Amino acid sequence: MIQLFRVSKIYPPNYPALTDIHLHVEKGEFVFLSGPSGAGKTTLLKLLFREEEVTEGQIIVNGRNVTRLDGGGVAGMRQEIGLVFQEFKLLPTMSALENVALAAEVVGMSRRESRRRAFHLLRELGLKDKHDARPLTLSGGEQQRVAIARALVNDPILVLADEPTGNLDGDMAEETMKLFLKIHEKGTTIMIATHDAGLLKRFQHRAVLLQRGRLMGDSKPAKGEVEP
Amino acid sequence: MKFAHLSFVFRRVFQSLRDLVWTHVLTSGTMAMTLFIFGGFLLIQENLHGLLRGWGSQIQIFAYLENSLAQADLQSLLGQIRSYPEVESVRFVAREEAWENFKKTLGAQSGVLEGLPPDVLPSSLEIALKRDYRQRAAVADMAQRLRGVKGISEVEYPEEWIEKLSLLVLGVQWAKWIFGGFLFIATLMIVGSTVKLAILARKDEIEIMQLVGASAGLIRAPFVIEGMIQGIVGACLSLFFLWLCYFFLTTHFPSALGIFPSREQLQFLDIGEISLLISLGWILGAGGSLFSLRRFLKTW
């Protein structure tokens with residue numbers, strides 16, 4: 001599903017955010033991208049959905065060479081990927097339902113079908129009574145569930161989440177992680193960037209450790225510990 | 001573009017006009033104000049040109065005839081002068097009429113003419129030139145030609161006045177391009193900044209649309225349509241306020257506009273200038289949006 005070959009990213013003037021990264025993620029895998037702040041987790045995710053461009057190396061996502069996509073190609077690739085962020089990135093002028101339906105309408109789905117899908121997803125994620133609510137009237141956990149619903153509305157093959165529990169308290173973070181596990185059970189590839197070591201211990205999955213922009217470890221799900 | 005996308009674009013426009021009504025009002029208002037100034041300039045220069053055209057129509061060449069000129073020769077002379085391509089009209093003023101006109105001009109002081117014979121003034125021709133020839137060089141050329149015509153003893157024209165008028169026309173034409181150019185650039189900059197600020201307030205929306213996979217065209221389309229609507233509304237508002245000013249001036253201060261021979265000569269913008277102003281609003285709105293989006297829309 002994801003392949004990175006000798007990927008490096010240097011921010012101007014000369015700050016190396018990632019250096020010589022090799023990584024393979026199989027279809028249907030659940031991967032934590034771990035490491036302290038500034039390790040390069042967010043940069044790596046941004047390279048995957050082409051928010052940033054590599055300085056060196058190649059990235060293949062679902063058979064597409066991400067580093068060579070043009071504008072239309074990037075848009076097409078993002079329509080197949082669900083993105084979840086720490087700060088939710090919801091439009092405050094739209095209701096929860098409209099925020100979710102937006103992602104479906106962008107790919108050319110009819111309004112009726114988009115809203116129907118959004119409605120079902122919100123109900124599935126426990127937001128049945130909140131579909132008309134504006135994001136700012138919702139709690140952090142509820143906003144993150146709306147963002148997750150938006151990420152799922154087009155049945156993505158891959159979900160990338162950047163610190164999705166970063167703004168949530170313990171219980172909410174736990175609930176959100178369980179949602180990701182549920183999505184994973186349906187066969188979706190999940191990659192979550194987190195600096196929370198507790199999450200890695202509680203949810204034993206493959207964990208890739210980054211430190212100062214270098215890949216320092218890659219644990220197997222069975223062991224559940226990061227191997228240097 | 002799929003029908004679903006088309007419907008999406010127009011719904012986004014409608015939602016934006018509904019939810020961000022004050023942003024749109026502010027942008028349209030700013031456009032209206034800047035276009036009002038530009039339109040006001042067009043209105044002034046249009047009327048200034050009208051005024052100069054009116055003055056130009058009063059330019060005449062006076063050709064004084066020889067006393068010995070026979071009636072048949074007069075008719076032949078009139079025919080000859082009317083055949084000149086520069087000539088718009090020729091009017092014969094007989095000695096008696098010239099005498100009466102002169103007396104009228106003197107008014108209360110006409111008594112000084114007592115004792116003089118009424119045929120002391122020569123008969124003359126009042127020659128009006130076509131609009132394109134009401135310039136200093138053309139008038140001088142025509143006068144020179146008339147001086148050589150048999151039966152004409154003397155030719156006069158308001159040389160100094162024509163010279164001043166020609167300079168004024170030239171000045172107005174230059175002012176039109178210089179001030180018009182400055183105003184146009186100022187309008188572009190003000191409207192561009194306003195649109196940019198309005199789009200800056202919605203940069204999160206643009207970012208989120210891109211993150212969920214919207215193509216650049218799908219993101220641009222609602223902004224461009226909104227820009228066009230803002231521009232057209234702004235232009236129509238500016239035209240309305242210009243018309244109000246025009247109406248107020250022509251109905252309440254006709255005497256203050258005494259420089260015009262009659263009220264009817266003060267003109268509002270013609271259909272071409274109205275179209276220009278609306279097109280300008282339309283282009284500024286759409287172009288401003290497109291230009292401002294470049295800064296916030298990530299391209300690959």
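Student: Which helices of chain B are included in what covers the buried residues of H9(B)?

Tutor: This is a predicted model, in which local features need pLDDT of at least 70, side-chain atom pairs count only at pLDDT 80 or more, and totals for chains, interfaces and linings use all residues. Residues are numbered from 1 along each chain as its sequence is written, while chains are lettered from A and ligands numbered from 1 in the order in which they are written. A residue is buried if 20 or more other C-beta atoms, placed from the backbone, lie within 10 Å of its own; in H9(B) such residues include B:Leu277, B:Gly281 and B:Leu293. Helices here are DSSP runs (H or I, at least four residues), numbered from the N terminus, and the cover of H9(B) includes helix H2 (21-56), helix H6 (159-200) and H8 of chain B.

Student: Is helix H3 of chain A largely enclosed or open?

Tutor: Among the buried residues of H3(A) are A:Glu98, A:Asn99 and A:Glu105. The cover includes helix H2 (71-79), helix H4 (111-124) and helix H5 (140-152) of chain A, together with helix H1 (3-19), helix H7 (203-211) and helix H8 (216-252) of chain B. Because 11 of the 11 residues of H3 of chain A are buried, this helix is largely enclosed by the rest of the structure.

Student: Which element gives the most to the side of chain A that touches chain B?

Tutor: Two residues are in contact if their C-beta atoms, placed from the backbone, lie within 7 Å, and the contact takes 23 residues from chain A and 18 residues from chain B. On the side of chain A, the elements that give two or more residues are H2 and H3. With 6 residues, the element that gives the most is H2(A).

Student: What distance separates the centres of domain 1 and domain 2 of chain B?

Tutor: Domain bounds come from an automatic or database domain assignment. For chain B that assignment gives domain 1 (3-55 + 165-296) and domain 2 (60-157). Taken over C-alpha atoms, the separation of their centres is 51 Å.

Key. A residue is buried if 20 or more other C-beta atoms lie within 10 Å of its own, exposed if 12 or fewer, and partly exposed in between; C-beta atoms are placed from the backbone.
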